[in-house]
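Please keep the sequence and the coordinates at hand while reading.

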Amino acid sequence: MKRILIIKMSALGDILHTLPAVSDALQADPDICFDWLCEQPFMDVARLHPSVRQVIGHPRLRWKKNRWSIQTLREQFAFYKALRREKYDLVIDAQGRIKSARVGWLSGSPVVGLDKNSATDSETRLFYREGYNVPRDMNAVERVRKLFAQALGYQYQGEPDFGIQSHTLDNAFPEYTGAWICFHGTTWASKHWPEANWMDLLNLAKQEQQMVLLPWGSEQERQRAERLTAAAQWGVVLPKLSLWQLSGIISRCAAAVGVDTGLMHIAAACGVPTVSVFGSTSVALTAAHGKRVINLASSYSCSPCLKKTCPLNEESPPCYAELNATSVRDTVRKLAGKHCE
């Protein structure tokens, strides 16, 4: 059995984009055994693929807080000593960053990854046995699929298979089955759908008596969720949940609406009817993949600008004007029926 270590350390969406490559590789060679190394907060995402044998949590974020303390140095020594004992046949660095390439090299096993023209950090080539060319203008999912295919020597085809099996996920909240779930949180300010649009969507759902869930991952997101539900007098602000618990809830929802954020990709990968809203970022590069997905892209003149902050209107980027709540609701209906039944 060939033992492969995947290194894709962060973030949520990037890790999810790697799951179809695992499915491709196992279809080509069922005897491959995959382990996955990622940063500790994202371990539950790597666990979503049932064929990943072991997920190894890297404490990088915690170590950064006390980089040179004796305790940190001792933990690092023990961590890499244990990693070296695994003796992988191959390590695939799917991140293409110095932080991931260095971890691969410290594993003591042969490392491959993106070549200097394809990786985010061209210096990663210094840590690799071999680098592979993968065009940067490809969709993120297809980039990883192509990297794995070159590294492991097979051809892939067809739509991406994320491998997620909904029945294996957490089912601690059956009362939320059949709800819509709204992913309002994201990183860049320019990727946020204006709060007025979320408010309109909640009001439309209220008219149809459709339960709506609003998850959150930060204090700012929690406050936004509470502000929206209080104003609309509709919607459920979810409690603080692990990614594993939230994935279980997502998989049983009737529909999902989200901006360009990692959770939206989980919904799409689970087969949930998913409508994504893209303004400043590119559908071509980071669109959601799935059997029941529609990615709504703005046709505004400067979209996608790929800027973290909109230079025209920081609070309400004009590229979202045409992507209003009614058009989003109608698209949900198109995917999943009038009441998302």
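How much accessible surface does the chain have, and what percentage of this surface belongs to carbon and sulfur atoms? The accessible surface comes to about 15600 Å², and carbon and sulfur atoms account for 49% of it. The coordinates are those of a predicted model.

**Overall form**

- The chain contains 13 helices and 12 strands.
- The radius of gyration is 21 Å, close to the 20 Å given by the globule rule for 341 residues, so the chain is as compact as a globular protein of that length.
- Taken along the principal axes, the box filled by the C-alpha atoms is roughly 60 × 40 × 40 Å.

**Burial, contacts and charge**

- Of the 341 residues in the chain, 54% are buried.
- Contacts between residues at least 6 apart in sequence join residues at least 24 apart in 61% of cases.
- The chain carries 40 positive and 33 negative side chains, and a separation of 6 Å lies between the centres of the two sets.

**Cis peptide bonds**

- Most peptide bonds are trans.
- In this model, the bond from serine 10 to alanine 11 is cis, with omega near -10°.
- Alanine 11 belongs to the loop between strand S1 (3-7) and helix H1 (12-16).
- The peptide bond from serine 303 to proline 304 is also cis, and its omega is near 0°.
- Proline 304 is placed in the loop between strand S12 (293-297) and helix H13 (325-336).

- Most residues other than glycine have a negative phi.
- Glutamine 209, which is not a glycine, has a positive phi of about 60°.
- The loop that holds glutamine 209 runs between helix H8 (195-207) and strand S8 (212-214).
- With a relative accessible area of 58%, glutamine 209 passes the 50% cut-off and is therefore exposed.
- Glutamine 233 likewise has a positive phi, near 55°, and is a residue other than glycine.
- The position of glutamine 233 is in the loop between helix H9 (219-232) and strand S9 (236-237).
- Glutamine 233 is exposed because its relative accessible area is 58%, which is over 50%.

Note on methods:
Residues numbered from 1 in each chain as written. Predicted model: local features only at pLDDT ≥ 70, side-chain atom pairs only at ≥ 80, totals over all residues. Heavy atoms only, no water. Helix = DSSP H or I, 4+ residues; strand = E, 2+ residues; numbered from the N terminus. Rg over C-alpha atoms; globule rule 2.2 N^0.38 Å. Buried < 20%, exposed > 50% of the residue type's maximum accessible area, 1.4 Å probe, protein only. Contact = heavy atoms within 4.5 Å. Areas by Shrake-Rupley, 256 points an atom, 1.4 Å probe, with all protein chains shown as cover. Lys, Arg positive; Asp, Glu negative; His and termini not counted. Charge placed at Lys NZ, Arg CZ, Asp CG, Glu CD.
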